[in-house]
Amino acid sequence: MSNSQEPVRFGLVGAGAIAQAYAQAFTQTTAAKLVAVADSRREAAEKMADAAQCQAFTDAESMADAVELDAVLVCTPPSTHREICCALLERGIHVLCEKPLAISSADAEAMIAAAEARGLHFTMASKFRYVADVQKAKELIANGTIGEVVLFENVFTGRVDMSTRWNSNPEIAGGGVLIDNGTHSVDVARFCLGELAEVQAMEGNRIQLLPVEDTAKMFIRSRKGVLGSIDLSWSVSKELPYFIAVYGSEGTILVGWRESKFRRAGDAEWTIFGAGYDKFAAFRGQIENFAGVVRGEESLVVTPEDALASVQVIEAAYRSLARGAWEPITEPTAELA
């Protein structure tokens, strides 16, 4: 970039629901500007581009060849990530790729290697790391507010008709709710607890007529010995006001959709520390962090090591699902450091 004061010029690949949330987030920041949109569905690309007052294309390569871009945000189905991301990286463009980064760790490693070979920034977008209350919860854990952490719980459940969505096509998505919602869960758990050592996954009854799991549960154990449980579903809703609960030897932290709070042993009342989940603030945070990295002013909140680890943990979860047993996780930190 010639001028660090100029907004980072982003292209957007994909014009689906997630891409639309990002498009709105671009309007709420001065750090980055959306200058081009690409989608294989021409009408969808043109509609989003018209709203953003930028150019529309039907594929990432033609967009990258026609428009001067600093970075591209990839919001397409997982099966397409390697081909699209590598094509952009080969053109010297920094890439932020929506979760899950890839269906296989081999694809994830290939993308990371392509970025490293060219000295480019590349990582996975994982919005919950940018939620202020999640960041505050990590601080509370780290400073010992609730003592030694013993149990961690995460719940991402809700009734969603997946019958016509690509997320339930294993050829495109790589699996069902475990890879879809579960990628967020794994990243949040690693963010709060550190590296994970082992995982056990189980599938619930299939309510929707899908070729993939629509309800699943994961048990995890961190390398520090914290035990965690993760509930995932497209078919039931647990109707809880919080999506993260952390239980320590001296207190409890609850991160909620509309309020977050903690209470130490002996406290008469809960201490409120946040107003809950702000979707667009999280999307904006991702864009601004990546823009800052491209400018050389910030470090990645989600590193390539984090991105690869999320893929490896989900792979281990599917192995566990098939075997019906705890599965060890080989995390990538040592190899990539």
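Is Cys-86 buried or exposed, and at what relative accessibility? At 14% relative accessibility, Cys-86 counts as buried. The legends below describe a predicted model, beginning with the chain as a whole and then turning to single sites.

**Figure 1. Overview of the predicted chain, with its 11 helices and 15 strands.** The C-alpha atoms occupy a box of roughly 60 × 45 × 40 Å along the principal axes. For 337 residues, a compact globule would have a radius of gyration near 20 Å, and the value for the chain, 20 Å, agrees with this. Of these 337 residues, 55% count as buried. Among contacts with a separation of 6 or more, 67% are made by residues 24 or more positions apart. The chain exposes about 14,600 Å², of which carbon and sulfur atoms supply 48%. Its side chains include 31 positive and 45 negative ones, and the centres of the two sets lie 4 Å apart.

**Figure 2. Cysteines of the chain, in a structure that holds 0 disulfides.** Cys-54 takes part in no disulfide, and the nearest cysteine sulfur, that of Cys-75, is 13 Å away. Cys-54 is buried, with a relative accessible area of 15%. For Cys-86, the closest cysteine sulfur is in Cys-85, at 7.0 Å, which is too far for a bond. The cut-off for a disulfide is a pair of cysteine sulfur atoms within 2.5 Å. Cys-86, too, counts as buried, at 14% relative accessibility.

**Figure 3. Asn-181 in helix H8, which spans residues 177-193.** Asn-181 counts as buried because its relative accessibility is 16%, and the cut-off for buried is under 20%. Leaving out residues up to four places away in sequence, Asn-181 touches Lys-99, Phe-156, Leu-232, Ser-233 and Trp-234. One of these partners, Lys-99, is joined to Pro-100 by a cis peptide bond, with omega about -15°. Most peptide bonds are trans. Pro-100 itself is placed in the loop between strand S5 (94-98) and helix H5 (105-117).

Figure 4. Most residues other than glycine have a negative phi. Gln-53 is exposed, with a relative accessible area of 76%. Glu-239 counts as exposed, at 62% relative accessibility.

**Figure 5. Gly-175 in the loop between helix H7 (170-173) and H8.** With a relative accessible area of 6%, Gly-175 is buried. Apart from residues up to four places away in sequence, Gly-175 touches Asn-167, Pro-170, Val-212, Glu-213 and Tyr-318. The C-alpha atoms of Gly-175 and Asp-214 are separated by 9.6 Å, and these two residues are 39 residues apart along the chain.

**Figure 6. Gly-228 within strand S10.** Gly-228 is buried, and its relative accessible area is 2%. Beyond its neighbours within four places in sequence, Gly-228 is in contact with Phe-152, Met-218, Phe-219 and Ile-220. From Gly-228 to Asn-154 the sequence separation is 74 residues, while the C-alpha to C-alpha distance is 7.9 Å.

**Figure 7. Gly-276 in the loop between strand S14 (271-274) and helix H9 (279-295).** Gly-276 is buried, as its relative accessible area is 11%. Its contacts, leaving aside neighbours within four places in sequence, are with Val-131, Asp-133, Gly-256, Trp-257, Arg-258, Glu-259 and Ser-260. Leu-151 is 125 residues from Gly-276 in sequence, and the two are 21 Å apart in space, C-alpha to C-alpha.

Key:
Residues are numbered from 1 along each chain as its sequence is written. This is a predicted model: local features need pLDDT of at least 70, side-chain atom pairs count only at pLDDT 80 or more; totals for chains, interfaces and linings use all residues. Side-chain values use heavy atoms; hydrogens and water are left out. Helices (H or I, at least four residues) and strands (E, at least two) are DSSP runs, numbered from the N terminus. The radius of gyration is taken over C-alpha atoms; the globule rule is 2.2 Å times the number of residues to the power 0.38. Buried means under 20% relative accessible area, exposed over 50%, partly exposed in between (1.4 Å probe, protein chains only). Contact means heavy atoms within 4.5 Å. Accessible areas come from the Shrake-Rupley method with a 1.4 Å probe; for residues, only the protein chains shown count as cover. Lys and Arg count as positive and Asp and Glu as negative; His and the chain ends are not counted. The place of a charge is taken as NZ of Lys, CZ of Arg, CG of Asp or CD of Glu.
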